[in-house]
Amino acid sequence: MATAVYQDLLRWFLLAVFGFMLIGGKLALAAQSPEQVGAMLKVMRDSAGSPFFPVVMQILQVLTWALHILFVWTSVGGLFYAIYGFTRKDENHQRLARAMLELSKVSVSLAIVIGVAPLLFYQVIYDPLWYSSANLSGSWYMMFIVFLLIGYYLIWFAYFSKQKPQVAMLFSVGGVIFLLLVGFIIHVVNYQSLFPEKWVEWYTSGGTTMNHSGWGIYAFNIFRFLSLLVFPSIAVVGVFMMLYSWHFGKRPEFSKEYIDFSAKLGAKLALYGGAAWIVFHILYILTLPADWNAKGSIFTLLSVVGLLLCAGIIFMAQKNPIGMAIPSLFGGVLATLLIAVFREYLRVASTARFGYSIYDYKVNLEWLSPLLFVGTTLGGLVLYAYAWWMAFQAGRTPQGQIYEASETEHHLGELSVFLVALWAVVFIGTGLIVIARNYL
Ligand code: HEM
């Protein structure tokens with residue numbers, strides 16, 4: 001992952017710097033007109049074009065970002081609660097803190113792996129935005145990887161010391177600080193990219209110098225940061241606790257008292273975290289620049305409606321958190337998808353000011369790699385369906401017993417193994433054919 005990010009950074013560094021120097025440098029002294037900004041954006045596009053229709057890339061980017069951020073929320077939220085839970089003497093808190101630390105540990109890996117997907121789709125259709133902004137804060141962007149590694153190791157240290165609550169708590173504090181730093185960097189890079197009209201001014205300090213150290217932070221929006229990272233993490237870990245109680249409540253070694261405790265606590269966290277999420281989401285909307293014409297847009301309204309709807313479900317769940325765990329999950333998924341669409345809409349609204357649209361991106365249609373992508377996705381879905389279904393069944397089986405798979409489940413397992421083998425043959429085979437074609 002790190003190598004891919006570095007390679008991409010290097011590949012685009014030159015282009016972005018040249019873009020700034022050739023176009024930006026000349027215009028730096030005078031404010032750029034919207035047409036000039038539009039021209040700057042277009043010249044920074046990859047001349048190879050997009051290998052597939054931009055709208056498909058855009059949809060995949062939105063969907064994969066929603067999945068990425070879900071795991072970011074469970075990692076950060078899991079740590080938030082673990083820190084609190086480890087400081088409490090009560091055994092229920094201690095036990096739940098250990099469980100949420102486990103959630104966080106697993107979620108970070110998933111957030112990292114799934115984060116690659118929106119990165120790939122994003123950089124294909126929004127390369128002028130992503131690479132310019134990443135170069136402006138390039139040194140911070142490199143530190144992203146270092147901070148992520150440190151945070152990840154700290155979470156593992158917390159996990160290994162979970163029987164010593166105070167030590168585990170301290171490591172969890174370290175872990176969450178580094179994850180929030182990572183979130184801060186990615187927030188800055190995303191947020192700066194929405195203001196192409198300011199890049200040249202930022203890069204040249206208004207035409208007087210060239211800021212190429214990469215240590216500049218030029219834009220940060222506290223409301224966006226809190227509403228996309230901090231408060232959703234609290235709300236989402238609350239919903240997760242409700243689901244945890246729903247799932248494990250059927251197992252004898254989970255006492256009713258502990259299950260009720262975690263479900264009720266989860267519902268409360270979801271309610272308070274969710275309320276703060278809505279407030280800060282609205283505050284962020286209020287800070288949107290007027291020339292984006294985005295405040296009253298249908299996508300903006302839908303993002304608020306989604307959150308309110310979810311809040312309504314969580315409100316009803318207070319009396320019966322276990323029974324309402326699944327509806328809360330659906331409400332949360334809907335709200336997250338609408339937020340993801342809203343974020344993407346903001347990019348469209350911001351760039352539309354300069355007559356820029358990803359839909360005019362040059363398409364250099366290629367069928368084989370999208371086909372490989374679709375095949376991998378479909379195969380992966382079957383594989384994951386099998387793995388997750390089995391994990392679900394195993395999680396419901398009382399300790400000491402072994403879950404016996406049904407005949408259909410066995411067949412699904414065989415199909416999964418077959419698909420993985422087929423995928424490996426096609427993947428390695430395609431590579432070998434390409435190498436042979438190049439050299440023979
Ligand atoms: C576990 C640590 C991480 C945290 C806390 C985190 C947090 C975030 C946050 C808060 C945002 C939204 C920022 C904003 O728009 O203001 C975001 C977006 C994004 N993250 Fe992560 N992230 C993490 C890891 C990663 C990794 C490892 C990758 C890539 C390999 C990644 C790729 C992305 C991408 C591409 C976006 C923007 C997608 C888009 O705009 O459509 N993230 N992340």
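Which helix gives the largest share of the shell around the ligand? I started my notebook with that one, and kept in mind that this is a predicted model.

**Entry 1: the ligand**
I looked up the shell and found that H4 supplies its largest share, with 8 residues. In total, 26 residues surround the ligand. Gly-115, Leu-119, Gly-183, His-187 and Asn-190 are the closest. I then checked which helices take part: H3 (54-86), H4 (91-125), H7 (165-192) and H9 (222-248) each give at least two residues to the shell.

**Entry 2: H7 and H9**
Next I picked two of those helices and asked how they cross. Their axes come within 11 Å, at an angle of roughly 125 degrees. The crossing of H7 past H9 is right-handed. On the H7 side I noted Gly-183, Phe-184, His-187 and Tyr-191 in the contact, and on the H9 side Arg-224, Phe-225 and Leu-229. These contact residues split into 4 nonpolar, 2 polar and 1 charged. I was pleased to meet Gly-183 and His-187 again, as both are listed among the closest to the ligand.

**Entry 3: the domains**
Last, I stepped back to the whole protein. It is divided into domain 1 (2-366) and domain 2 (367-440). Their centres, taken over C-alpha atoms, are 28 Å apart. Where they touch, domain 1 contributes 9 residues and domain 2 contributes 8. On the domain 1 side I found 4 nonpolar, 1 polar and 4 charged residues.

Methods:
Residues numbered from 1 in each chain as written. Predicted model: local features only at pLDDT ≥ 70, side-chain atom pairs only at ≥ 80, totals over all residues. Near = placed C-beta within 6 Å. Helix = DSSP H or I, 4+ residues; strand = E, 2+ residues; numbered from the N terminus. Domains from an automatic or database assignment. Contact = placed C-beta atoms within 7 Å. Nonpolar A, V, L, I, M, F, W, Y, C, P; charged D, E, K, R; others polar. Axes fitted to C-alpha atoms, helices over the stretch in contact; angles between N-to-C directions. Left-handed = near helix turned anticlockwise from the far one by under 90°.
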